[in-house]
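Welcome! Have a look at the sequence and the 3D structure below, and then we can walk through them together.

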Amino acid sequence: MDELMAGFVTSADTGNEDLVIASRAALSEYCEKSQENLDRVCAALVRNLNNRQGQDRVVVPTLEIIAFMFYVGAFRRCTEIDYKNLCLLVQKSGYKTGNVRKLEACIKVYGGITGIAIHSDRTPLRTATLEERRAQGITEARKRLGALMMHPWPRVRSLVIDELWGLVSAEDGDAAERLKGVDWGKAEKGPIKALVEELTPPSATA
């Protein structure tokens with residue numbers, strides 16, 4: 001399954017538009033057929049993220065497909081994911097990279113993990129340890145979004161704001177309003193730091 005997914009993600013992310021749509025539809029259909037199928041796909045994607053570090057042609061589309069699966073509500077229904085480990089793998093993927101597309105994919109995955117907390121349809125994980133690691137992963141993902149708000153590239157900060165908007169607008173209308181009216185790509189460190197402290201829990205900014 002790992003090798004299959006390593007090849008498949010390219011078609012599902014970087015092919016022509018029709019191929020991308022068809023590939024993602026086929027993946028969604030396969031995952032909907034059974035919990036076993038869903039768990040198999042999610043586990044393979046995470047393993048590839050671990051085993052293919054440094055291979056951007058696999059890592060970037062893998063991140064994008066994980067983000068897509070969060071977006072359609074599939075990934076959070078997996079029962080065997082170590083979310084804390086997933087966060088660490090995403091962080092490793094984006095560490096000191098100059099690839100903006102990779103950073104964008106990392107931001108999307110962090111957003112997907114953070115968003116687990118606001119969805120009631122998440123599936124119980126197989127063990128209490130994994131449940132604990134999921135809670136840790138949610139905190140870590142939010143922490144990483146906060147850290148990326150301090151990124152020196154305005155484009156990256158703007159991408160984080162876009163992701164945060166999708167998250168906070170669903171749970172905190174006041175916070176969402178405070179994201180508007182500011183060009184966060186050009187904002188000074190003071191307002192950025194204040195925003196990070198507001199949108200991340202105390203344990204995440206420690």
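## Overall picture

In the protein chain, which has 206 residues, 47% of the residues are buried. Buried means under 20% relative accessible area, exposed means over 50%, and partly exposed lies in between, using a 1.4 Å probe and protein chains only. This is a predicted model, in which local features need pLDDT of at least 70 and side-chain atom pairs count only at pLDDT 80 or more, while totals for chains, interfaces and linings use all residues. Residues are numbered from 1 along each chain as its sequence is written, and side-chain values use heavy atoms, with hydrogens and water left out.

The protein chain has eleven helices and zero strands. Here helices (H or I, at least four residues) and strands (E, at least two) are DSSP runs, numbered from the N terminus.

## The nonpolar core

Let us go inside. A nonpolar core is a set of buried Ala, Val, Leu, Ile, Met, Phe, Trp, Tyr and Cys residues joined through side-chain atoms within 4.5 Å. The largest one has 50 residues, and those touching the most other members are Met69, Phe70, Phe75, Tyr83, Leu86 and Ile113. Among the helices that each supply at least two residues of this core are H1 (2-14), H4 (56-71) and H8 (154-171). H4 gives the largest share, eight residues.

Which residues is Ile113 in contact with, leaving aside its neighbours within four places in sequence? They are Phe70, Tyr83, Leu86, Cys87, Gly137, Ile138 and Ala141, where contact means heavy atoms within 4.5 Å.

## Two crossing helices

Now turn to H1 and H3, whose axes come within 9 Å and cross at roughly 80°. Axes are lines fitted to C-alpha atoms, for helices over the stretch in contact, and angles run from 0 to 180 degrees between N-to-C directions. H1 and H3 are therefore roughly perpendicular to each other, a label for angles of 65 to 115 degrees; under 35 counts as roughly parallel, over 145 as roughly antiparallel and the rest as oblique.

On the H1 side, the contact is made by Asp2, Met5, Ala6 and Val9, and on the H3 side by Val41, Ala44, Leu45, Arg47, Asn48 and Asn51.

## A glycine inside

Is Gly111 buried or exposed? Gly111, found in helix H6, is buried, with a relative accessible area of 2%. Leaving aside its neighbours within four places in sequence, Gly111 is in contact with Leu145, Glu163 and Leu167. Gly111 and Phe70 are 41 residues apart along the chain, and their C-alpha atoms are separated by 8.8 Å.
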